[in-house]
Amino acid sequence: MTKQRTYGDSAGRPGESIHVYRQVYICLYHPGGLPLCWAPMTRIDTPETSTVSRKATISRDDLIAAALRLLGPHRSISTLSLREVAREADIAPNSFYRHFRDMDALAIALIELGGRSLRSIIREARVRVRSGRSVIRTSIETFMEQLTADERLLHILLREGIVGSDAYKAAVERELRAFEDELCIDLVRLSEASSRPIHAPALVATAMTRLVFAMGATALDLPRERHGEVVEQLVTMLRMIMLGAHQLASAEDDAASR
């Protein structure tokens, strides 16, 4: 007479094989016919597939997408937990570390992604300006479109620059400076194309970027129907900055020619 005992050596990680061992025992009998003991006879290794439904593989982009789904205009990255992101991505928490060192690394990756999205705003504006539209109005309208987009990337930049940790604020600052550098190049190009000198284009780019950023953060807390008011205010403010920069440049030219 024989019996089997089954046990395994795996915790059942998603998509991995579990080795199940079946130990076969044989019953040894006393010469008088009574069972004496059970003795192990063989061990059968049988690979079986885990029934855990979590994903076997996941990419860095999948984790970023999971984090974005959890974030909103009023939630900071710092409130996300690793287990929460892992659950949203449908993976075991340990799988997270294959792509990010910790949650701070994921947060900075999200901020950098938001920065690339923010810089794409001005590139989109450049394309639209070629059809004869105002560069300032087009830029602001594009900005507000991104503010209400489903990706929520702009929300991250606007929110983390105010309420985020020091590391997050530093990451936001790096992205804003990159945006300012691109805007400065564009301002110089437009100035040369129109033969209208501009005073301190780098400083103008900084003033415009910081103003739009600050007003955008305010717009996050406003109902969508009031975003049109923000657009008009920003357009007027940015035109005032540009007008002042042109006037200062003209005054410098006049002083130099005397």
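Ile121 is buried, with a relative accessible area of 4%. Its place is in helix H3, which covers residues 103-129, and it makes a handy way into this predicted model. The chain has eight helices and three strands, and from the N terminus on its elements run β-β-β-α-α-α-α-α-α-α-α.

**The chain as a whole**

- Buried residues make up 39% of the 258 residues in the chain.
- Of the contacts with a separation of 6 or more, 60% are between residues 24 or more positions apart.

**Around Ile121**

- Why does Ile121 count as buried? Its relative accessible area is 4%, and buried means under 20%.
- Setting aside its neighbours within four places in sequence, Ile121 is in contact with Ser139, Thr142, Phe143, Gln146 and Leu154.
- Two of these partners, Phe143 and Gln146, also belong to the H4 side of the contact between H4 and H5, while Leu154 belongs to the H5 side.
- Ile121 and Glu145 lie 24 residues apart in sequence, and their C-alpha atoms are 9.4 Å apart in space.

**Helix H2 and what follows**

- Helix H2 spans residues 82-89, and its buried residues are Leu82, Glu84, Val85, Ala86 and Ala89.
- After H2 comes Asp90, which has a positive phi, near 65°.

**H4 with H5**

- H4 and helix H5 (residues 153-163) pack at an angle of about 95°, and their axes are 7 Å apart.
- That angle makes H4 roughly perpendicular to H5.
- From H4 the contact takes Phe143, Gln146 and Leu147, and from H5 it takes Leu154, His155 and Leu158.
- By class, these residues divide into four nonpolar, two polar and no charged.

**H6 with H7**

- The axes of H6 and H7 come within 8 Å and cross at roughly 130°.
- H6 is therefore oblique to H7, and their crossing is right-handed.
- On the H6 side, the contact is made by Val172, Glu173, Leu176, Arg177, Phe179, Glu180, Leu183, Cys184, Leu187 and Val188.
- H7 contributes Pro201, Ala202, Val204, Ala205, Thr206, Met208, Thr209, Arg210 and Phe213 to that contact.
- The contact of H6 with H7 has 13 nonpolar, two polar and four charged residues.

**H7 with H8**

- Helix H7 (residues 201-220) packs with helix H8 (residues 227-257) at an angle of about 165°, with the axes 11 Å apart.
- So H7 is roughly antiparallel to H8, and H7 passes H8 in a right-handed crossing.
- The H7 residues in this contact are Val204, Ala207, Met208, Leu211, Val212, Met215 and Ala219.
- Facing them from H8 are His227, Val230, Gln233, Leu234, Met237, Leu238, Ile241, Met242 and Ala245.
- This contact has 14 nonpolar, two polar and no charged residues.
- Val204 and Met208 of H7 take part here and also in the contact of H7 with H6.

**A closer look at H8**

- How far does H8 reach from its first C-alpha to its last? With 31 residues, H8 reaches 45 Å, close to the 45 Å expected at 1.5 Å a residue.
- The buried residues of H8 are His227, Val230, Val231, Leu234, Val235, Leu238, Met242, Ala245, His246 and Ala249.
- What covers these buried residues? The cover includes helix H4 (135-147), helix H6 (166-194) and H7.
- Several of the buried residues of H8, among them Leu234, Leu238 and Met242, are also in the contact with H7.

Note on methods
Residues numbered from 1 in each chain as written. Predicted model: local features only at pLDDT ≥ 70, side-chain atom pairs only at ≥ 80, totals over all residues. Heavy atoms only, no water. Axes fitted to C-alpha atoms, helices over the stretch in contact; angles between N-to-C directions. Helix = DSSP H or I, 4+ residues; strand = E, 2+ residues; numbered from the N terminus. Parallel < 35°, antiparallel > 145°, perpendicular 65-115°, else oblique. Left-handed = near helix turned anticlockwise from the far one by under 90°. Contact = heavy atoms within 4.5 Å. Nonpolar A, V, L, I, M, F, W, Y, C, P; charged D, E, K, R; others polar. Expected span 1.5 Å × (residues − 1). Buried < 20%, exposed > 50% of the residue type's maximum accessible area, 1.4 Å probe, protein only.
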